[in-house]
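Please look over the model below. The report that follows goes through some of its backbone features, its metal site and its surface.

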Amino acid sequence: MDKFEVARTLDEIARYVELSEPNRFKALAFEKAARAIASLDRDPADLIALGDLQKTPGIGKTTASVVEEVVRTGKSRYLDELRKQYPPGIFELLRVPRLGLKKIGLLHDKLGVGSLDDLEAACRAGRLTSLRGFGEKTQQKILEGIAYARKRQSNFLLPVGIEVGETIRQQLALIDAIENGEVSGSVRRRLEVIRNVNIAVATRDPKSVSRALAKVVADLEEVDESTFKGIARNEIEVYFHLASPREFGSTLLRTTGSEEFVRALLERAGDKPAKTEEEIFERAGVPYVPPERRENADDLNRKRRRALVKLEDIRGTFHVHTTFSDGRNTVLEMLTAARQRGFQYVGLSDHSKSAFYAGGLSEEGLRQQQAEIARHEQEVTPMRVFRGTEADILADGGIDYETATLTTFDFVIASIHSRFGMSRDEMSERILRALDNPYVTFLGHLTGRLLLAREGYTMEFDRVFEKAGERGVMIEINGNPRRLDIDWRLVGRAYDRGVRFSIHPDAHSIQEYNALITGTWVARKAGLSPREIFNTKPVDEVAEYLKGRRAAAMK
Ligand SMILES: [Zn+2]
Ligand SMILES: [Zn+2]
């Protein structure tokens with residue numbers, strides 16, 4: 001038991017006492033004792049042995065007996081008693097703005113409220129207004145506060161973290177005392193779902209930086225000497241990790257993580273301060289590992305490392321919707337935007353006829369769409385336009401068009417959009433059968449997951465990968481930030497079974513071509529180089545491959 005653990009026990013008692021005691025002085029006594037113990041310059045056990053504990057300013061008779069008990073037994077019966085009186089979720093209510101311990105105690109005693117859920121139910125039933133000091137308006141404010149409290153504890157899609165991190169980094173650049181600032185943490189590792197934003201900050205003047213940070217984020221608080229935390233955009237926690245410039249590299253590395261990776265690297269490099277991350281890798285005698293690849297220590301053991309795919313390597317794309325199905329931009333608009341992005345080729349693929357909810361195309365609709373493409377493709381030369389479809393994989397594994405229609409496409413993306421609830425076996429059979437159709441070029445969004453909203457359907461992945469490898473069907477890396485499907489964790493298993501990949505935006509508007517950025521991150525996290533990605537190939541090679549594959553299917 002060190003002094004800080006003893007202090008934490010006293011603090012926790014203080015919080016419980018404040019819930020239950022109308023007299024605030026009792027709680028204050030425990031708070032004061034906690035501070036006194038935390039600032040001792042020796043062990044509380046020594047003080048007790050010398051009989052000096054009660055002579056310490058801030059420690060009274062009651063608090064001294066608690067300290068003695070905690071030091072002697074490691075726990076406090078008084079605290080155990082208090083804990084029993086309240087449900088474990090009681091302090092989560094503190095996240096609701098304007099709700100202090102006193103009010104929380106009252107809500108618990110009078111209405112039995114012990115969690116956010118309880119509180120919400122009580123508000124909705126109008127029960128708060130029966131309490132003194134709680135009017136209709138307060139009740140409404142508390143309801144809003146609950147939503148806010150929930151948001152604060154939730155997870156976020158990566159692009160939220162990227163945007164918040166970059167915006168803050170730009171603000172930091174304007175602060176004189178800051179010499180360098182870099183987004184670190186899971187955002188830098190490009191994890192698909194993140195909980196907070198971390199920023200490593202190089203400064204020789206932490207005092208003035210901490211003052212300046214209070215203007216960059218709300219609710220700034222000190223976590224420890226060199227760490228501050230605050231809230232950005234009213235919803236997401238931001239941690240600032242301050243370091244002197246000569247330690248900036250160490251701090252950037254440590255706060256980027258992952259823990260496993262950092263531990264393994266420092267074991268080789270030694271834990272000496274470093275100006276840059278590169279220095280640390282050099283000292284360890286291993287080539288630099290990009291942040292995306294730092295989930296585990298595997299890459300440290302590789303002698304040779306392939307260059308990861310970059311956005312600039314992408315020469316064209318497939319999986320693009322238009323107003324013919326559920327896209328928001330016309331054929332010409334989608335083509336023009338692709339051309340402006342410098343693509344050598346683009347493959348349009350609207351939904352197939354069974355996807356009626358997404359405006360899927362009948363054979364007649366398809367003819368019109370292809371005529372529209374023919375009308376406009378001259379306007380975007382030399383970019384090449386490929387004609388395709390995102391065809392539903394039907395419940396029995398069939399593809400949603402007759403063979404006669406399939407022969408009119410340059411490529412076919414086969415995707416599941418219905419009957420997600422099938423058993424693992426049924427789903428596997430369904431997909432395996434679809435992969436047997438020789439016209440299928442790509443398997444779209446492998447599991448149909450929607451991050452933070454819907455779990456993907458399950459299947460026997462290795463059998464599916466095996467078959468895809470054998471039939472030469474590429475697996476799409478769907479870059480829509482809500483999907484990021486195939487999961488990067490599965491890519492290695494598919495790769496080992498001969499599967500190759502293609503990065504697609506699943507664009508429903510011209511802005512959504514940006515999903516190629518997020519899609520490329522998935523590929524990088526998975527360790528893929530340009531060689532394994534179909535749409536890094538130049539247009540002639542792509543055209544030839546698609547032509548050859550269709551010819552083979554028609555045989
Ligand atoms: Zn789809
Ligand atoms: Zn789509």
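## Backbone angles

Arg 419 sits in the loop that runs between strand 11 (411–415) and helix 18 (424–436). In this predicted model, the phi of Arg 419 is near 50°, a positive value in a residue other than glycine. Most residues other than glycine have a negative phi.

His 319 also has a positive phi, of about 65°, although it is not a glycine. This histidine belongs to strand 8. His 319 counts as buried because its relative accessibility is 0%, and buried means under 20%.

## Cis peptide bonds

Most peptide bonds are trans. Gly 257 and Ser 258, however, are joined by a cis peptide bond, with omega about -10°. Ser 258 is in the loop between helix 12 (248–256) and helix 13 (259–269).

Another cis peptide bond links Asp 485 to Ile 486, and its omega is about 25°. The loop that holds Ile 486 lies between strand 13 (474–478) and helix 20 (488–496).

## The zinc ions

Which residues coordinate the zinc ion (ligand 1)? They are Glu 390 through OE, His 417 through NE2 and His 445 through NE2, at 2.1 to 2.2 Å. In sequence, these donor residues follow the spacing E-x26-H-x27-H. Glu 390 coordinates the zinc ion (ligand 2) as well, and the two ions are 3.3 Å apart.

Glu 390 lies in strand 10 (residues 384–392), while His 445 is in the loop between strand 12 (442–443) and helix 19 (461–471), so the pair ties together parts that are 55 residues apart in sequence. Are these two residues buried or exposed? Glu 390 counts as buried, at 1% relative accessibility, and His 445 is buried with a relative accessible area of 1%.

## Surface features

Arg 98, Lys 103, Lys 137 and Lys 141 form a patch of positive charge on the surface. Of these, Lys 103 is placed in helix 6 (residues 101–111). Lys 103 is partly exposed, because its relative accessible area is 34%, which falls between the limits of 20% and 50%.

Ala 307 is in the loop between helix 14 (277–284) and strand 8 (316–320). With a relative accessible area of 57%, Ala 307 is exposed.

## The whole protein

The protein has 22 helices and 14 strands. Its C-alpha trace spans about 95 × 65 × 45 Å along the principal axes. Of the 555 residues, 53% are buried.

Definitions and conventions: Residues numbered from 1 in each chain as written. Chains lettered and ligands numbered in written order. Predicted model: local features only at pLDDT ≥ 70, side-chain atom pairs only at ≥ 80, totals over all residues. Heavy atoms only, no water. Patch = residues over 30% accessible without salt bridge, like charges linked within 9 Å, V, L, I, M, F, W, Y side chains within 5 Å. Areas by Shrake-Rupley, 256 points an atom, 1.4 Å probe, with all protein chains shown as cover. Salt bridge = Lys/Arg side-chain N within 4 Å of Asp/Glu carboxyl O. Lys, Arg positive; Asp, Glu negative; His and termini not counted. Charge placed at Lys NZ, Arg CZ, Asp CG, Glu CD. Helix = DSSP H or I, 4+ residues; strand = E, 2+ residues; numbered from the N terminus. Buried < 20%, exposed > 50% of the residue type's maximum accessible area, 1.4 Å probe, protein only. Donors = N, O, S within 2.8 Å, 3.2 Å for Na, K, Ca; no water.
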